[in-house]
Amino acid sequence: MDKVKVGLLVPLQGPMGVWGPASMHSAILATAETNHLGGILGKELDLIIRDAAWSEDHAAQAAARLVEEDGVSAVVAMVGSNARRAIAAQTAGRCPLIYTPNYECGQPEPDVIGISSTDEHLFAPLMDWITDKACCRRIFMLGSQYRWPMQTMPAAGALLRARGASVEGMLARPIDADDAWDFQALDMIRAARPDLLLLFLIGDQAIRFHRNFHAAGLASKIPRLAIATDETVLTNLGPDETEGLHAASYYFTAVRSTANAGFMERYWTAFGAGAPIPGFYGQSCYEGIQVAAGLMTKVDVRITISGG
């Protein structure tokens, strides 16, 4: 059977590597379902997966190999926003690039198809929850030091101030920060005495910070609200480490809808109870493959045939 190739770029190492397994499983499921329904114009959809890691250079090289060596007709990318522009430079004018995670306010690069929500969609209800329901007025913010948090935290601060809250501090956690950095930051947070710690941390950065937060004795004293935090992060924490932790994401596996119930049933049936939980970032790859398949079916894009 002739094949049409779609590329998947996901981090299998680095700070976002914790989401790699669920992302791959979800994409494999979407590919299998597409082929069960007849593939792409009668051709089998062939999923090619490459490790995007973390650095822009590594992600760009992986994208170039998908296009030039593997001959994919579309690329689905679940990567950090720091690498999005570098990947787009490799796919522009050659094949569609579908970007699946949430991203900073505004639009992505011109050659990127963003399928997730932007921060302004999540922020309004979150800010209302912080100031009206949780009644927090003194906010401290901390985020990973890369594009998304660096653009998003100032925007969140402006929204908080417009609601009468104050921003008591804002810290950027280096990607290679160690435990000593965390405990120094936690001393600053403790001294600021905030009503709430608002977090914009990714992957294993979030896991390590939450563990250190508990170890510093702050879990029972300062509530936390973690943005874009799904079950993959939460299930890597112990019960004591999640004390006082609130999580906000664009998707949770517990969403009550007919579509999600069907997705979850098919996922666990395909991969078994021991499979990684398909949280927001994993599920976004399922949708990304569906979008790519739709484009290749209905839009005049380059179709690559690879034996049969």
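Helix H3, which spans residues 81-91, is mostly covered, with eight of its eleven residues buried, where buried stands for under 20% relative accessible area with a 1.4 Å probe and protein chains only. The buried residues are Ser 81, Asn 82, Ala 83, Arg 84, Ala 86, Ile 87, Ala 88 and Thr 91, and they pack against S1, helix H2 (56-68), S3, strand S4 (97-99) and helix H5 (147-162), a contact being heavy atoms within 4.5 Å. After H3 comes Gly 93, whose phi is positive, near 75°. Helices (H or I, at least four residues) and strands (E, at least two) are DSSP runs, numbered from the N terminus.

The model is a predicted one, in which local features need pLDDT of at least 70, side-chain atom pairs count only at pLDDT 80 or more, and totals for chains, interfaces and linings use all residues. Residues are numbered from 1 along each chain as its sequence is written, and side-chain values use heavy atoms, with hydrogens and water left out.

Turning to the sheet, five strands make up an open, parallel arrangement in the order S2-S1-S3-S4-S5, two strands being paired if DSSP finds at least two bridges between them. Strand S2 (44-51) and strand S5 (113-114) stand at the edges with a single partner strand each, so one side of each has no neighbour in the sheet. Strand S1 (residues 3-10) runs parallel to strand S3 (residues 75-77) and is joined to it by three bridges, and Leu 9 stands opposite Ala 77 in S3.

Conventions. Buried < 20%, exposed > 50% of the residue type's maximum accessible area, 1.4 Å probe, protein only.
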